[in-house]
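Morning, everyone. Let me put one structure on the screen and walk you through it.

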Amino acid sequence: MKAYSIAEYKKMVKAIRPKGRSKRPKVKSEKVSNEFEAKLAKELKALKIEFQQEFEFHQARKWRADFHLVGKKILVEVEGGIWNGGRHTRGKGYLGDMEKYNAATIMGFQVIRFSTDQVKSGHAIQQIEKMVGDLG
């Protein structure tokens with residue numbers, strides 16, 4: 001059995017260790033719809049609430065909302081990664097979200113945000129249905 005130096009061992013392990021490939025799209029502008037957004041879209045369709053997914057609401061900044069409720073000026077965001085230190089809960093991401101949501105509000109949109117747990121439990125669609133019904 002051949003003895004390896006620490007440097008040789010690290011080099012060898014690095015070469016055979018599978019890379020933690022991200023499931024994110026390679027192009028930043030392409031967003032992979034997750035199961036929670038798919039669930040919410042299905043529920044909105046069932047209630048016949050017209051919506052657009054990946055709605056670009058700011059031309060200059062190219063900001064998008066997960067959903068736009070057509071004719072209501074309501075943007076819906078499904079926030080993932082809130083319990084595992086995802087982008088929305090770390091400093092830079094949180095500040096970016098504030099800038100984005102404030103800009104949407106200044107442009108006349110109402111922004112409502114839900115966690116993936118709220119979508120999963122049905123709370124999100126209940127709140128949206130109530131909000132849309134109240135705007136009638």
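Are Glu77 and Lys100 buried or exposed? Both are buried. By buried I mean under 20% relative accessible area; exposed means over 50%, and partly exposed lies in between, with a 1.4 Å probe and protein chains only.

Before we go on, some ground rules. This is a predicted model, where local features need pLDDT of at least 70, side-chain atom pairs count only at pLDDT 80 or more, and totals for chains, interfaces and linings use all residues. Residues are numbered from 1 along each chain as its sequence is written, and side-chain values use heavy atoms, with hydrogens and water left out.

Now the overall layout. The chain has 5 helices and 4 strands. Starting at the N terminus, the order is α-α-β-β-β-α-β-α-α. Helices (H or I, at least four residues) and strands (E, at least two) are DSSP runs, numbered from the N terminus. There are 136 residues in the chain, and 31% of them are buried. Next, contacts, meaning heavy atoms within 4.5 Å. Take the contacts with a separation of 6 or more: 48% of them join residues 24 or more positions apart.

Glu77 and Lys100 form a salt bridge through their side chains, at 3.6 Å from N to O. Glu77 is in strand β3 and Lys100 is in helix α3, so this pair ties together parts that are 23 residues apart in sequence. A salt bridge here is a side-chain nitrogen of Lys or Arg within 4 Å of a carboxyl oxygen of Asp or Glu.

Stay with Lys100. Helix α3 covers residues 91–106. Why does Lys100 count as buried? Because its relative accessible area is 12%. What does Lys100 touch? Leaving out residues up to four places away in sequence, Lys100 touches Phe57, Trp63, Arg64 and Glu77. The Lys100 side chain also reaches the backbone oxygen of Arg64, at 2.6 Å. That is a polar contact: a pair of N or O atoms within 3.5 Å, where within protein one must be able to donate a hydrogen and the other to accept it, and residues adjacent in sequence count only if both atoms are side-chain atoms.

How many salt bridges are there in the whole structure? The search finds 5. Arg64 has one with Glu56, with the closest N and O atoms 3.8 Å apart. Arg64 is partly exposed at 31% relative accessible area. Glu56 is partly exposed too, at 22%.

Another salt bridge joins the side chains of Arg61 and Glu99, at 2.7 Å from N to O. Arg61 sits in the loop between β1 (51–58) and β2, and Glu99 sits in helix α3, so the pair ties together parts that are 38 residues apart in sequence. Arg61 has 43% relative accessibility, so Arg61 counts as partly exposed. Glu99, at 40%, is also partly exposed.

On to the nonpolar core. That is a set of buried Ala, Val, Leu, Ile, Met, Phe, Trp, Tyr and Cys residues joined through side-chain atoms within 4.5 Å. The largest one has 18 residues. Which of them touch the most other members? Leu40, Leu44, Phe67, Leu69, Val76 and Ile128. Apart from it lies another core, of 8 residues, including Phe55, Phe57, Leu75 and Ala104.

Zoom in on Leu44. Setting aside neighbours within four places in sequence, Leu44 contacts Ile49, Phe51, Phe67, Leu69, Ile125 and Ile128.

Glu54 is not a glycine, yet has a positive phi of about 50°. Glu54 is in strand β1. Lys73 is not a glycine either, and has a positive phi of about 55°. Lys73 is in the loop between β2 and β3. At 38% relative accessibility, Lys73 is partly exposed.

Last, the surface. The chain exposes about 10,000 Å², and carbon and sulfur atoms supply 55% of that. These areas come from the Shrake-Rupley method with a 1.4 Å probe; for residues, only the protein chains shown count as cover.

That's the tour. Over to you.
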